[in-house]
Amino acid sequence: MISKKNNDNYLSLGQSLAIGAIVAIVASIIGLIFMYYLTTFIVPDFWAQNAEATRAIMIENNPSISPEDLENMLEMQSKFNWIIYPAMLVMNLVVRIFYSFHHRSDIKKD
């Protein structure tokens with residue numbers, strides 16, 4: 001109640017960041033679960049399709065690449081496919097928390 005009177009019915013920065021953090025965590029976890037199901041069950045050959053698209057782009061951008069170098073690059077890429085999940089989690093959290101910080105003054109408490 002004190003913050004309502006002192007802050008003219010606007011959320012305080014702490015309240016906005018707390019709500020934003022909770023929403024960010026929940027949304028990020030939902031996004032990760034969806035990405036996992038997409039790449040595992042819905043499109044089981046997702047990573048193979050990604051590798052083929054990467055192969056075509058690499059050949060287009062560098063036609064003189066040797067087949068051995070191309071295979072080595074694709075093999076290295078496949079070893080790091082797992083990094084998409086934590087990177088996605090961190091990026092979602094950062095973007096959503098900044099969003100809650102930026103838009104805190106637009107939200108009024110009842």
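Threonine 54 counts as buried, because its relative accessibility is 18% and buried means under 20% relative accessible area, exposed over 50%, and partly exposed in between (1.4 Å probe, protein chains only). The residue lies in helix α3, which covers residues 46-61; helices (H or I, at least four residues) and strands (E, at least two) are DSSP runs, numbered from the N terminus. When residues up to four places away in sequence are not counted, threonine 54 touches Leu74 and Gln77, contact being defined as heavy atoms within 4.5 Å.

The model is a predicted one, in which local features need pLDDT of at least 70 and side-chain atom pairs count only at pLDDT 80 or more, while totals for chains, interfaces and linings use all residues. Residues are numbered from 1 along each chain as its sequence is written, and side-chain values use heavy atoms, with hydrogens and water left out.

Confidence is expressed as pLDDT, the predictor's confidence in each residue, from 0 to 100. The chain averages a pLDDT of 84, and 84% of the residues score at least 70. Helix α3, the site of threonine 54, has the highest confidence in the chain, at a mean of 94. The lowest confidence belongs to helix α1 (residues 2-6), with a mean of 52.

The aromatic residues provide a second view of the structure. A pair of aromatic rings is described by the distance of the centres and the angle of the planes. Rings of Phe, Tyr and Trp (its six-membered ring) pair if their centres lie within 6.5 Å; planes under 30 degrees apart count as stacked, over 60 as edge-to-face and the rest as tilted. Across the whole structure, a search finds four aromatic pairs. One of them joins tyrosine 36 and tyrosine 37 in an edge-to-face arrangement, 5.9 Å centre to centre with 75° between the planes. Tyrosine 36 is partly exposed, because its relative accessibility is 42%; tyrosine 37 is also partly exposed, at 43%. The pair of phenylalanine 46 and tryptophan 47 is edge-to-face because the ring centres are 4.9 Å apart and the planes stand at 85°. Phenylalanine 46, at 23%, is partly exposed, as is tryptophan 47, at 24%. Ring pairs also link Tyr36 and Tyr37 with Phe41 into a cluster.

Finally, phenylalanine 98 is found in helix α5 (residues 84-102). Phenylalanine 98 counts as exposed because its relative accessibility is 58%.
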